[in-house]
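I opened a notebook on this structure and wrote down each thing as I looked it up. The entries follow in that order.

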Amino acid sequence: MSQSISSRFTLRARYVFDGRGRVLEDGFVSVEGALIAAVGTGDEVSPVADSDQIDLGDVAILPGLVNAHTHLEFSMLSGPLGQPGIRLVDWIPLVIAHRTERVPSVDESVAVGLTESAASGTTLLGEIATEGWSGAPLNQAAIGGTVFFEVIGLLPEQRALRLEQARQRAGWHGLQGWQTGLSPHAPYSVSQALVADLVELADRRRLPLAMHLAESPEEVELLRTGRGPFREWLESMGLWSPDALACGSRILDYLRMLATAPRALVIHGNYLDEDEIAFLARHCRTMSVVYCPRTHAFFGHAPHPVERLLAVGARVALGTDSRASNPSLSMLDEMRFLARARPGIPREQIVQLATLFGAEALGVGDRTGSLEAGKQADMVLVSAAQGQRYDPYSAVLDSDEPVIATIQSGRLAFGELPNC
Ligand SMILES: [Zn+2]
């Protein structure tokens, strides 16, 4: 942490995005301790008396960004694995090879990823933890989130051991600001019986789940027919079992299982059909889709159903996924990419996808995700010197201006503030 701020301060800026679709011009955010005390414009609400006043000038203040899906173990990679357009089933062996060859430890990579996340405005993460993940880097982390412990096991003989390991992981008490969850990896890597076990465990321990679902056409093909490239690859690895999944299954079968957990993230959801989209809308209080726009583009998938999901009231959050399929962990870059790639999505909604909806997806929407009195003082300050004049969304999204500072719970997680 490069600089401390006083326990009572007021930030004034050209734009304050409240995360609920409102932008306050010449607005302010007053902070007392870890919480927001007041938000408004000069003539709306008086800032807290006796607080340090910091005028940021041409700056936009947004709620802290929420990266609802990442694997920080790959944060040392300088670029994605494989070429753009690679099939997921061909990319996974590259990931496995990288895991066996890599020199830096998982902890070193996670530490680098946490630093990059804070430096690009993220205050809350949905992190997937695999083997070698110790949690030690979280002691130093300036940001928080949920750690979903990954479970993989397609073979019947793996079921009992994997469930026991998950039970032990479920007992991880975490650190301040971090919650525990479980992640049955995907339909092609976890048997349906084990997914059912994990959902039951999550329900008993009141834990959230995150599962990669409807990510590729080959996954949907495997479920429907029991055949295709995933089966061929699994057989070549000695990992295929005809008992792993019932032939004629569909993504909806998994959604029905996940719906009985306290909360669930459907990671990707690139190939959800209309029934599945309607199901997710009906379960929007506990289920969310995490769309990863640049990773989606890297694999060259068919257009993501994000607009159909939003139109019927399903909850969508954004994630970067990892540096194995994305050039950076910056949620600001993710929002800017999405604004360019999908101009049909209202820009205020893009901000919400990356803030409040992400916080709600991770179960903490009552505490963070928007700039409101009483919530945690989690925010990101972005230079607003570019973009079309008088258009605050353009100033943030049609620009390559950097993050100036990231504040979590009233403390600087990255950057510096002037005059304090
Ligand atoms: Zn992932």
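Entry 1, a helix pair. I found that V195, A196 and V199 in α4 meet Y254, M257 and L258 in α7; I took contact as C-beta atoms, placed from the backbone, within 7 Å. The residues of this contact divide into six nonpolar, no polar and no charged. For the classes, I counted Ala, Val, Leu, Ile, Met, Phe, Trp, Tyr, Cys and Pro as nonpolar, Asp, Glu, Lys and Arg as charged, and the others, Gly among them, as polar. The axes of α4 and α7 (residues 251-258) are 9 Å apart, at an angle of about 25 degrees. That makes α4 roughly parallel to α7, a term for angles under 35 degrees. I used axes fitted to C-alpha atoms over the stretch in contact, with angles from 0 to 180 degrees between N-to-C directions.

I note that the model is predicted: local features need pLDDT of at least 70, side-chain atom pairs count only at pLDDT 80 or more, and totals for chains, interfaces and linings use all residues. Residues are numbered from 1 along each chain as its sequence is written. Helices (H or I, at least four residues) and strands (E, at least two) are DSSP runs, numbered from the N terminus.

I checked its length: the 14 residues of α2 (residues 106-119) should span 20 Å, and the end C-alpha atoms are 20 Å apart, which agrees. The expected span is 1.5 Å times one less than the number of residues. Buried residues of α2 include V106, V110, L114 and A118; buried means that 20 or more other C-beta atoms, placed from the backbone, lie within 10 Å of a residue's own, while 12 or fewer means exposed. Among the elements covering the buried residues of α2 are β6 (65-70) and β7 (122-129). G121 follows α2 and has a positive phi, near 95 degrees.

Most residues other than glycine have a negative phi. I listed R206, with phi near 55 degrees, and S409, with phi near 50 degrees. R206 lies in the loop between α4 (192-205) and β10 (208-213), and S409 in the loop between β15 (403-408) and β16 (411-415). Which is buried and which exposed? R206 is exposed, because 10 other C-beta atoms lie within 10 Å, whereas S409 counts as buried with 21.

Technical notes. Contact = placed C-beta atoms within 7 Å. Parallel < 35°, antiparallel > 145°, perpendicular 65-115°, else oblique.
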